[in-house]
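Look over the chain below. The report then walks through its helix packing, its strands and its charged pairs.

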Amino acid sequence: MSALVAVVGAGPSGLVLANILHDAGVPTVVFERASRARVEHRARAGMIEYGTVQTLRAHGLADGLLRSGTIHRSCEFRFAGERFILDYGRFTGERTHYAYPQQFLVRDLIDRFLRNGGEILFDTPVTAISGLDSGRAVVGFTDTTGNERELRATFVAGCDGGLGVCRRMVPGLERHTVTNDYRAGLLAVLSATPPITTDMVYALHHDGCAIHALRTPETSRFYLQTAPGDDLTAWDDERIWAELRRRFAVAEGTLPSPGRVLEKTLVAMRSTVTEELRHGRMFLVGDAAHTITPFGGKGMNLAIADAADLARAVLLAVRTGDDRRLAGYSAKVNQRVWAVQEFSHSMIDLLCASTDGDPEFHYRLKVARLNKWRSSSAKAAGFAGDYAG
């Protein structure tokens, strides 16, 4: 087999990249180790920011989210028994979010790619990648009959996440990677629960934050700060709902209604940035290049931005032989990623209960920051710009 571009991973970044290249006439093959059903039902992110919507729209990839997603322009903070709604759309020239679950977007991108004649090899794990410094890369994979096969490609896009095979194929990658582990745990819960409000809700609490993330009219994503190293078995449904209601409690404000828990998992509070993303003919994209905590909802948006940048660089190289954008891919991604990492870090600093010094002192500092945003348009505008994306 052969293709101009081999994309490893059928997540948002891989599928956006594949669709853009395929539409431009670049032969592209996508490899995905999971089944199509599994990929289309993986519940992950759900907030798609303004810049991402514009990118998807420009490439004809936004039909589903524009038709079925819901627009959001404000977020709510709960602290010290009060509610504060920050209208970030007002401060950013109507740069709003769409709430549209990641699995819905993935389903749309798969349907479009296949309908237009693209090729996705589901249930097909990539086992090896070689020849990255030669004339053509060789992608080894196991097909659905169990046979070992190869595909030769001019470029390989590693869109298979932080634990994927593409990162493992790069020797000495740790020399180009920096990591931060936060001294906090995070319980993620997806439930058959209608949203408690029309906004994202961030609750500041002495015992740890709680977050309500929008998904669909029938489902919600919740996050609870937990102790580091906490055990998932300690969080039965009764405890989850009791803790969510306690941490979201304010004088006037809706509380979560207990519903069927569809999924619960402990999320590693870790951020990583790999700064060298080109390895001969292979480029790392999205979570394969960098990971970020859920605070701020930036992960999927970063991944799609990477994919769009790489698509432009590949097209320029293919059409004109100019590889300057390919050479500058790492630097461009890193500039954006570090800016977003700083914002996510600031959200953790604001919302998570501190384990350093006097917890009450740090709690009051956080309340003071939120009160600044409530009373000063200039202070609120700075947060709004970063949040809207």
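## Helix packing

P12, S13, V16, L17, I20 and L21 of helix 1 meet M300, A303, I304, A307, A308, L310, A311, V314 and L315 of helix 9. Contact here means heavy atoms within 4.5 Å. This is a predicted model: local features need pLDDT of at least 70, side-chain atom pairs count only at pLDDT 80 or more, and totals for chains, interfaces and linings use all residues. Residues are numbered from 1 along each chain as its sequence is written, and side-chain values use heavy atoms, with hydrogens and water left out. Helices (H or I, at least four residues) and strands (E, at least two) are DSSP runs, numbered from the N terminus.

Two packed helices are described by the angle between their axes and the distance between the axes. Axes are lines fitted to C-alpha atoms, for helices over the stretch in contact, and angles run from 0 to 180 degrees between N-to-C directions. Helix 1 and helix 9 pack at about 30 degrees, with axes 8 Å apart. That makes helix 1 roughly parallel to helix 9. The cut-offs are under 35 degrees for roughly parallel, over 145 for roughly antiparallel, 65 to 115 for roughly perpendicular, and oblique for the rest. The crossing of helix 1 and helix 9 is right-handed. A crossing is right-handed if the near helix is turned clockwise from the far one by less than a right angle, and left-handed if anticlockwise.

Helix 9 also packs against helix 11 (residues 329–351), at an angle of about 160 degrees and with the axes 10 Å apart. Helix 9 and helix 11 are therefore roughly antiparallel. Their crossing is right-handed. On the helix 9 side, the contact uses L302, A305, D306, D309, L310 and R312. Helix 11 supplies Y329, K332, V333, R336, V337 and V340.

## Sheet and strands

Strands of a sheet pair through backbone hydrogen bonds, either parallel or antiparallel. Two strands count as paired if DSSP finds at least two bridges between them. An open sheet of seven strands runs in the order 6-5-14-15-16-13-17, with mixed pairing. Strand 6 (82–86) and strand 17 (261–267) are the edges, each pairing on one side only. The twist averages 15 degrees from one strand to the next.

Y202 has I211 of strand 15 as its bridge partner. Helix 8 (residues 237–248) lies across several strands, including strand 5 (75–79), strand 13 (185–191) and strand 16 (220–226). It runs at about 85 degrees to strand 16.

Strand 18 (residues 270–274) has two antiparallel partners. Five bridges join it to strand 12 (residues 177–181), where V178 stands opposite V273. Two bridges join strand 18 to strand 21 (residues 290–291), and T272 stands opposite T291 there. How enclosed is strand 18? Four of its five residues are buried, so strand 18 is largely enclosed by the rest of the structure. Buried means under 20% relative accessible area, exposed over 50%, and partly exposed in between (1.4 Å probe, protein chains only).

## Salt bridges

A salt bridge is a side-chain nitrogen of Lys or Arg within 4 Å of a carboxyl oxygen of Asp or Glu. By this rule the count is 25.

| Pair | Closest N and O atoms |
|---|---|
| R112 and D23 | 2.7 Å |
| R36 and E40 | 2.9 Å |
| K298 and E49 | 2.9 Å |

R112 forms its salt bridge with D23. This pair links distant parts of the chain: R112 is in helix 6 (residues 102–115) and D23 in helix 1 (residues 12–23), 89 residues apart. R112 is buried at 15% relative accessibility. D23 is partly exposed at 40%.

R36 and E40 both lie in helix 2 (residues 36–40), four residues apart, about one turn of the helix. R36 is partly exposed at 31% relative accessibility, whereas E40 is buried at 17%.

K298 forms its salt bridge with E49. This pair also links distant parts of the chain, 249 residues apart. K298 sits in the loop between strand 21 and helix 9 (299–320), and E49 in the loop between strand 3 (47–48) and helix 3 (50–58). K298 is buried at 4% relative accessible area. E49 is buried at 11%.

Salt bridges that share partners also join D306, D309, R312, K332 and R336 into one network.
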